[in-house]
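Visitor: Hello! Could you walk me through this structure, one piece at a time?

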Amino acid sequence: MAARLTRSVLVAMCFVSAGVTPAAAQSDLLGSKRGGHYWFDFCTGKSDATLLPPDPRSLVTPTSNKNVVFNVGWNACMNRAPLTCGELRSSSAAGGRLLGGNGSPDAGWEFSGHSAWSLWSMSASQYNALWLKWGLPFRPSDFDTLVAERYGIPLSPQRNPYPLPFENPNHTNGGSGQLPMALTQTRNPDGSWSGQIGVTCSVCHSGQIGKESDGAGLGALHGTNGLTDVTLFLGELGGLNPAFTIASLNRIRGTGNITNFQLFALLTIFDPDGTIPGVFLNPEVWAAGSTGTEDPPNWWNLGHRPVKFFDAGMSSDATRIELSWYMPGAALPNYQEGYDWILDNEYQANTWMLGLKSPAYPLPVNTALAQQGSILFHTLDLWAANRNNPVVKPQQAGNGSCASCHGAYAPRYVNDPNFLANPLFEGMAANVTPIGVLDTDEARLLANDGAIATQARYSFFGYNGQDGCADKYNMIGYLAQPLYGVWASAPYFHNGSVPDLWSLLKSSDRPRIWRRKSKSPRLGVVMGFETDLAKAYDQTKVGWKYDTIPCSYLTFSPFNHCNPWDPNETPLIEGGLSLLYGNGALAWNLLGSIVAPSFSNSDIEDRKIYNTRMFSQSNSGHTFTDVLTDAERTALIEYMKTL
């Protein structure tokens, strides 16, 4: 093992083995900002009149002469930013009321903005009858909890009311029921309760990790949602409101298809004034493939990304896109009103998202081991000569460490000019790794082809072709993510195909077909994934515990295909579907909307299974970390718990 370690790591390990931790290691190897944006930390304890410094993301430019590599940079699109700490706080609060739901008079919801009613809403009486979809003979007393568990949409930690049967919401301050974070009761123009319920972005971006008693920031939280079955949820709502059934956003519970650009184009970027080809008149858009299975990224990392989306397709200042699913009048003639609504609200919504923080790891951490991992993370060259790494080294590789792509976090390295040109770049990740090096599933990259890029770039959401706001960077690959809250972000990769950090770093240990631990059915109603840390969290591998599924189990499943005679071969039916999805994304939605309303309990259980042989769900890639020793992986994982 010694031959595999740098001198600095050996020194640290010698101190630890002697029972002594160097003072420098105690002071500058650990610590985390936990995401968010620099401005919010800067303003802590300062008056409202305090002027804000420049946005650190706006200072990022491609830089290849540092140990941390930036090959993409910031482009100004919105051209608006808070000037003072007071403006930052007030804008964030307004954005929280808009995106946080909870029945706020300012809450927005899908394709309706702030309107009280639309085709995309449902009445409380319809919502109260969902138990009929579950095959129950009566409305259960724990209906609210069962909704949250069945669909993987946690109950809001704040009061989020709706009226129970025969209840007038304006006589009961909104009602006696409690909605999940994914829903909000809308308001009439005069502020009174409407009795209508709408879907919010929290359906994909607000999940649950442990419970509030486990530590600050735990329980239901905004960021990402690895629990939800969006298609099941919208499909069963679609029995009440058919408008929902076209939004087939996932095949596997806990994932989404948030950049299904054909559906997105259908609903939001059809340009009625003729400045770009209408999506209905552009067959190339519909011939492009589906992006397939994706794992919604964490909101709390937005403040450390100068560009966003998995392929760095937009500047992080291109904020119109963040409200696209709230745009009023989507797929209707009154587009300009919808555009105006987004322009009126994007600034506040983005500011709130920037302020979100990741939860701190609530379980014990071996500090000495984490310090070793910090040194390894920032300094170990995965392509050193003695490693014999079979993966081609990137042309711009920095010092070849994890930090080269994912950013520097420990003060020792953040303040070292060999790592970062500016300490304000702490935790900043701005490196697109070429697909030839990363080698993860490429379905998302192939789907976003030239026709899609052109359609998006010259749309309202792409700032009508404004340079740098919606450009596909020349390097074809995936953007490395900041690692704040990485312990809370399982499963991993852009498609959620790897269940824990251990198997992310050691590809030979990745399960081919697996399923997260689930809660037991209640009253015959299928429950979701287990979120109790003591029952389901793997502290060693860092991720959620899972069961491996034998290939033979899937032989007759319509949702998870497998060839029991040759488990390593893509089965014929899946090969045909992959061809269909890869050359016509509408098929992803049409097939999903056809089957969604008719899920049986066994179908719902099967949707918890992740089969890495299916379209867009490969767990290949990131194999350059296979050259690590198991001892090094253990130390790296211990360090990543602290981020």
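Predicted model: local features only at pLDDT ≥ 70, side-chain atom pairs only at ≥ 80, totals over all residues.

Visitor: Which side chain forms a polar contact of 3.4 Å with the side chain of His 494?
Guide: A polar contact is a pair of N or O atoms within 3.5 Å; within protein, one must be able to donate a hydrogen and the other to accept it, and residues adjacent in sequence count only if both atoms are side-chain atoms. At 3.4 Å, the partner of the His 494 side chain is the side chain of Tyr 478.

Visitor: Is His 494 buried or exposed?
Guide: His 494 sits in the loop between strand E11 (477–479) and helix H18 (501–505); helices (H or I, at least four residues) and strands (E, at least two) are DSSP runs, numbered from the N terminus. Buried means under 20% relative accessible area, exposed over 50%, and partly exposed in between, using a 1.4 Å probe and protein chains only. Because its relative accessibility is 8%, His 494 counts as buried.

Visitor: Where does Ala 635 lie?
Guide: Ala 635 has 1% relative accessibility, so this residue counts as buried. Contact means heavy atoms within 4.5 Å, and, not counting residues up to four places away in sequence, Ala 635 touches Leu 369, Gln 372, Gly 373 and Leu 376. Its own place is in residues 630–640, helix H23.

Visitor: How are H12 and H23 placed relative to each other?
Guide: Axes are lines fitted to C-alpha atoms, for helices over the stretch in contact, with angles running from 0 to 180 degrees between N-to-C directions. The axes of H12 (residues 367–379) and H23 come within 7 Å and cross at roughly 100°. Angles under 35 degrees count as roughly parallel, over 145 as roughly antiparallel, 65 to 115 as roughly perpendicular and the rest as oblique. H12 and H23 are therefore roughly perpendicular.

Visitor: What share of the 643 residues in the chain is buried?
Guide: Let's step back to the whole chain, which has 23 helices and 16 strands. Of its 643 residues, the buried share is 61%.

Terms used
Residues numbered from 1 in each chain as written. Heavy atoms only, no water.
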